[in-house]
Amino acid sequence: MPFDAFADVSDDALLVLYANGDPDAARALNIRLTPRAFGQAMRMLGDRAEAEDVAQDAMLRLWKIAPDWRRGEAKVTTWLYRVVANLCTDRLRKQRNVDIDSVPEPEDDRDGVEGDMQNAARMAALRDALAELPDRQRQAVVLRHIEGLGNPEIAEIMEISTEAVESLTARGKRALAAILAGRREELGYTDG
Amino acid sequence: MAEMDKKTEDFDLDAMFADMRTQDVVPAPDFMARVLADALDAQAAAAPVTVAPRPPSRLRQLLAAIGGWPAVAGLATAGVAGLWIGVNPPASIMTTAESFLGTTVTDQYLVDLMPSYEFAMAEG
């Protein structure tokens with residue numbers, strides 16, 4: 001693959017190359033960033049079509065902002081996390097306003113293994129519970145515990161202090177536990 | 001607070017988070033192709049368009065031929081001076097014209113465009 005040539009090139013340098021009209025930079029950025037944006041959207045929304053829409057929209061914004069990108073001001077990934085998180089929040093808000101029952105069920109990626117089904121149900125329950133959280137709490141919890149980012153980066157993405165991130169994730173986690181408390185059996189948790 | 005922490009542990013939220021984190025979420029190849037198509041379209045749209053310089057207008061060509069606006073100023077001055085000489089020719093010019101043409105220039109060859117002006121000049 002010719003993209004190996006860009007292995008040592010930073011994201012923002014690639015973006016400059018892209019803005020200068022290098023089609024290989026477009027391919028390299030697509031391979032590097034699109035799966036990340038899609039994964040984040042998929043984990044937040046649980047629906048492949050919706051996640052593709054969000055990721056495509058976020059990447060389109062990146063393509064359009066590329067000529068004006070100022071190197072060194074922000075990490076491309078931080079910017080992308082923020083855009084995807086905001087787009088997902090908008091979608092979840094609309095879904096919540098329409099009908100919570102119409103939220104699509106998660107896909108079962110692998111065929112009918114019982115354990116996978118239960119795991120899928122747990123993921124659906126977790127996703128539903130996350131959808132019930134206030135927007136900022138959900139964003140913080142997803143970025144911290146599902147995307148696995150550090151508090152300083154989350155603070156940058158959400159444009160708040162690290163203390164505020166800690167507070168949001170702690171409150172979000174407690175709220176999740178409270179929401180899931182009513183669904184113990186459904187989740188396969190029996191006593192203890 | 002302690003009770004809530006216990007609840008969190010009961011559900012093993014961290015394990016659930018980890019399960020979600022490791023979910024298989026590989027984007028479909030056709031989706032990747034769509035995003036790449038967007039990228040290449042946006043790149044083409046943003047590329048600087050090389051516009052051929054427009055040919056200069058006839059007025060500009062004429063200006064360039066005579067040396068630009070300073071030349072036009074000189075030309076205008078010369079034109080006004082010529083008009084003035086035509087309207088109110090100095091006596092020496094009349095004499096030169098008579099000697100050149102070998103005849104007497106009579107009034108019938110002169111067009112008195114502004115007689116009243118001449119009068120005004122005579123009055124001072």
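Which residues make a nonpolar surface patch of about 410 Å²? Select B:Leu59, B:Leu62, B:Ile66 and B:Leu75 to see them. The model is predicted, with local features needing pLDDT of at least 70, side-chain atom pairs counting only at pLDDT 80 or more, and totals for chains, interfaces and linings using all residues. Residues are numbered from 1 along each chain as its sequence is written, chains are lettered from A in the order in which they are written, and side-chain values use heavy atoms, without hydrogens and water.

B:Leu62, within H4 of chain B, is exposed at a relative accessible area of 53% (exposed is over 50%, buried under 20%, partly exposed in between, with a 1.4 Å probe and protein chains only).

Next, select helix H2 of chain A, residues 23-45. At the start of H2(A), a side-chain oxygen of A:Asp22 comes within 2.9 Å of the backbone nitrogen of A:Asp24. Just after H2(A), A:Gly46 has a positive phi of about 75 degrees.

Finally, pick A:Asn30 in H2 of chain A. A:Asn30 is buried, with a relative accessible area of 4%. A polar atom of the A:Asn30 side chain lies 3.1 Å from the backbone oxygen of B:Met32.

Note on methods: Patch = residues over 30% accessible without salt bridge, like charges linked within 9 Å, V, L, I, M, F, W, Y side chains within 5 Å. Areas by Shrake-Rupley, 256 points an atom, 1.4 Å probe, with all protein chains shown as cover. Salt bridge = Lys/Arg side-chain N within 4 Å of Asp/Glu carboxyl O. Helix = DSSP H or I, 4+ residues; strand = E, 2+ residues; numbered from the N terminus. Expected span 1.5 Å × (residues − 1). Polar contact = N/O pair within 3.5 Å; in protein donor to acceptor, adjacent residues only side chain to side chain.
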